[in-house]
Amino acid sequence: MPRKAKEFPEEGEFVVATVKNIHPYGAFLTLDEYPGKEGFMHISEVAPTWVKNIRDYVKEGQKVVVKVIRVDPEKGHIDLSLKRVNQQQRKAKLQEYKRAQKAENLLKMAAEKIGKDFETAWREVWVPLEEEYGEVYAAFEDAAQNGIEVLKGLIPDEWLDALKPIIEAYVEIPTVTIDAEFEITVPKPNGIEIIKEALIRARDRANEEKDIDVKFTYQGAPRYRIDITAPDYYKAEEVLESIAEEILRVIKEAGGEATLIRKEKRIRKIKRR
């Protein structure tokens with residue numbers, strides 16, 4: 001089970017917890033990512049409406065995402081809230097938790113490979129990577145995308161050799177794809193050829209960049225769709241802006257008109273082999 005490097009959670013943090021004991025006035029929960037730590041959730045923090053019976057909302061053994069609203073390390077008190085977690089926050093936390101589980105499994109594979117137990121792996125690898133990246137799987141993603149050398153100096157070299165093939169084989173790197181459309185018209189006999197040439201030049205120039213994939217699709221005159229896949233949203237936006245400037249410049253010089261129509265971004269994952 002993934003666990004955090006720090007001893008106590010912070011106020012405002014979202015955590016995965018398991019309902020341990022339920023009482024008429026509230027419930028005690030164990031914090032899955034903080035071994036040995038328990039928190040209390042008052043009945044008033046269970047739901048936004050009045051709660052008559054807390055068991056209508058939670059049950060013993062149930063895993064929930066809760067928000068830490070108070071922490072007293074000296075007394076060991078941790079107060080939790082279920083009602084202050086919305087659906088988006090719950091989804092994001094569960095995704096983070098699953099990423100931590102993946103990272104733990106990969107680290108266990110590396111530990112077995114070099115004959116070390118997981119406690120040693122946790123101390124020598126998990127703690128420093130979490131402190132540097134915020135989460136260990138993010139460190140593995142960085143290594144998959146930019147090479148295992150990005151972790152050099154953070155963890156012992158023997159771990160780099162063990163993790164390299166494992167990361168290359170199993171780590172999925174999230175990418176962002178944004179869609180847009182161009183409305184392009186060139187009122188000349190060879191207008192279609194001018195448009196095609198402008199799109200091809202813009203696509204080929206963008207595809208020269210690392211981890212960038214640009215595709216154009218004809219949607220029917222005068223519309224052309226563009227799909228840009230990049231490591232992150234900001235890079236995708238940067239590429240789109242560059243392409244748009246190039247297309248608008250070429251089309252304007254040819255005596256035509258071009259308009260960019262924005263669409264929504266999509267998130268997908270690719271597995272690096």
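This is a predicted model: local features need pLDDT of at least 70, side-chain atom pairs count only at pLDDT 80 or more; totals for chains, interfaces and linings use all residues.
Started at Asp-32, which sits in the loop between strand S2 (26-31) and strand S3 (38-42).

Is Asp-32 buried or exposed? I looked up its relative accessible area and got 5%; the cut-off for buried is under 20%, so Asp-32 counts as buried.

Next I checked what the Asp-32 side chain pairs with. It makes a polar contact with the side chain of Lys-63, at 2.5 Å. Lys-63 also turns up in the contact list for Asp-32, which, leaving aside neighbours within four places in sequence, has Met-1, Pro-2, Val-16, Ala-17, Thr-18 and Tyr-97 as well.

Moved on to helix H4, residues 157-170. I get 14 residues and 20 Å from the first C-alpha to the last, close to the 20 Å expected at 1.5 Å a residue. Where does H4 bend? I find a bend of about 35 degrees at Leu-163, and Pro-165 follows within four residues. Leu-163 is also on my list of buried H4 residues, along with Trp-159, Leu-160, Ala-162, Ile-166 and Ile-167. The cover over those buried residues includes helix H1 (87-114), helix H2 (118-133) and helix H3 (136-146).

Then the whole chain. I count 6 helices and 9 strands. The radius of gyration is 26 Å, whereas a compact globule of 273 residues would have one near 19 Å. The C-alpha box along the principal axes is roughly 80 × 55 × 25 Å. Buried residues make up 44% of the 273. Of the contacts between residues at least 6 apart in sequence, 66% join residues at least 24 apart.

Technical notes: Residues are numbered from 1 along each chain as its sequence is written. Side-chain values use heavy atoms; hydrogens and water are left out. Helices (H or I, at least four residues) and strands (E, at least two) are DSSP runs, numbered from the N terminus. The expected span of a helix is 1.5 Å times one less than its number of residues. The bend at a residue is the angle between axes fitted to the seven residues ending there and the seven starting there. Buried means under 20% relative accessible area, exposed over 50%, partly exposed in between (1.4 Å probe, protein chains only). Contact means heavy atoms within 4.5 Å. A polar contact is a pair of N or O atoms within 3.5 Å; within protein, one must be able to donate a hydrogen and the other to accept it, and residues adjacent in sequence count only if both atoms are side-chain atoms. The radius of gyration is taken over C-alpha atoms; the globule rule is 2.2 Å times the number of residues to the power 0.38.
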